[in-house]
Amino acid sequence: EKGGFDHFMLKEIFEQPKTIFDSLRGRLDLDKSSVTLSGIEAIEDKIKQARRIIIVACGTSWHAGLMAEYVIEELCRINVEVEYASEFRYRNPIITKEDVIIAISQSGETADTLVALENAKEQGATIFGLVNVVGSSIARISHAGAYTHAGPEIGVASTKAYTAQLAVLQLIALKIAKIKGTISDERFNTLLLDLAEVPEKVDFILNNQVENIQRIASKYSGAQDALFLGRGFNFPTALEGALKLKEISYIHAEGYPAAEMKHGPIALVDENLPVIFVATKDSYHDKIISNMQEIKARKGKVIAIVSEGDEIASSLADDFIVVPNCNEVIAPLLAVIPLQLLSYYIGIERGVDVDKPRNLAKSVTVE
Ligand code: M6R
């Protein structure tokens, strides 16, 4: 049942070229240069009228929501707010009939997300569910939705469900941008093409970087803390990298927007602190390079996720992991793969039961 892999988590990481393909299949059409998402089409009028989109989720699904905020605001020019379901639910939020809520949940059973949606629905908001488990509670209470099609995820740490969420959220952003007329045909077509190439690029990472990542994992497996830094579209990737490491290695890890490190976390930097930079090529690349120099100047150990052929970032880093080049909007789908593998191999080195880490449940159905 683990398909020859030692753990479900590793199997699920390696399934991603296929699961991402499945999440795009029948939706992304290169020949027609179109995105078909019946759930979005069903609420097209609501989306046109909406003054904002509110995304509600927990944990890894919340990180997917944060990426969606960057992508939807960039492509659709509509305000997006990303809310932790537990906070949104209890703080008496202002919700109107003009609000469209996107709920993101792998299980579709997370109690806080479910109740937050029930409350918002009562106040007249339109609920769109992005869910993996077919027929789950969140899928059932949503007005419209889309399934992520990642297949059953057994490992407690979310991997393939996350990248499937990212893939469908990219499609949702493209679809809304078309509906609202906020994207040029040229940009739309370029992004479609780039998205279609993601499965093979993920495959490239899985085929070429695993030994390198295993070596880096054993080098840093004794660390007590780790810092994950990223900017822009990859700031959520940094948060997700830190959460993965915490969950399956029990190393204390924090994710930050790279520039925020000067406002506090830099005090932690010494020769024992691994700092993982998500440093793929994008419009903020020179900024992240200077952040890396600042860490090196304080003797921190820099591990960088870099784009293929990026000599500057790779020569600055103590260790680096290469991912294929792609459009910066789509980069989070590639950049998270090495972070999943790094956490997995560090967890293994430390003897953690990575499929069932202590204290965690696959779906949090109590608050
Ligand atoms: O099933 P959900 O997506 O609603 O679950 C949300 C979180 O509980 C979940 O992502 C959790 O953070 C995972 N352990 C992450 O690996």
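Tutor: Let us begin with residue classes: Ala, Val, Leu, Ile, Met, Phe, Trp, Tyr, Cys and Pro count as nonpolar, Asp, Glu, Lys and Arg as charged, and the others, Gly among them, as polar. By these classes, the shell around the ligand holds three nonpolar, eight polar and two charged residues. The model is a predicted one, in which local features need pLDDT of at least 70 and side-chain atom pairs count only at pLDDT 80 or more, while totals for chains, interfaces and linings use all residues. Residues are numbered from 1 along each chain as its sequence is written, and side-chain values use heavy atoms, with hydrogens and water left out.

Student: How many residues surround the ligand, and which are the closest?

Tutor: A residue is near a molecule or strand if one of its heavy atoms lies within 4 Å of it. Here 13 residues surround the ligand, and the closest are S61, S105, Q106, T110 and E247.

Student: What percentage of the accessible area of the ligand does the protein cover?

Tutor: Accessible areas come from the Shrake-Rupley method with a 1.4 Å probe; for residues, only the protein chains shown count as cover. On its own, the ligand has 410 Å² of accessible area, of which the protein covers 91%.

Student: Where does the ligand sit, and which elements give two or more residues to its shell?

Tutor: The ligand sits in the largest pocket. On a 1 Å grid over the protein atoms alone, a pocket is an open set of points with protein on both sides within 12 Å along at least five of seven lines. A molecule sits in a pocket if more than half of its atoms lie within 2 Å of its grid points. Helices (H or I, at least four residues) and strands (E, at least two) are DSSP runs, numbered from the N terminus. Two or more shell residues come from each of α5 (59–76) and α13 (235–249), and α5 gives the largest share, three residues.

Student: What does the side chain of E153 contact?

Tutor: E153 belongs to the loop between β7 (144–147) and α9 (160–180). With 7% relative accessible area, E153 is buried. Its side chain reaches the backbone nitrogen of T159 at 2.8 Å, and a polar contact of 2.6 Å links the side chains of E153 and K362.

Student: Which residues other than glycine have a positive phi?

Tutor: Two examples can be given. R77, in the loop between α5 and β4 (79–84), has phi near 50°, and K299, in the loop between α14 (285–297) and β11 (301–307), has phi of about 70°. R77 is exposed at 62% relative accessible area, and K299 is exposed at 57%.

Student: How far apart are the C-alpha atoms of L268 and R298?

Tutor: The separation is 9.9 Å, for residues L268 and R298 that are 30 apart along the chain. L268 lies in the loop between β9 (252–257) and β10 (274–278), and is partly exposed because its relative accessible area is 46%. V269 lies in the loop between β9 and β10 and is buried, at 12% relative accessibility.

Definitions and conventions
On a 1 Å grid over the protein atoms alone, a cavity is a set of points where a 1.4 Å probe fits but cannot get out, and a pocket is an open set with protein on both sides within 12 Å along at least five of seven lines; lining residues have an atom within 4 Å of a point. Buried means under 20% relative accessible area, exposed over 50%, partly exposed in between (1.4 Å probe, protein chains only). A polar contact is a pair of N or O atoms within 3.5 Å; within protein, one must be able to donate a hydrogen and the other to accept it, and residues adjacent in sequence count only if both atoms are side-chain atoms.
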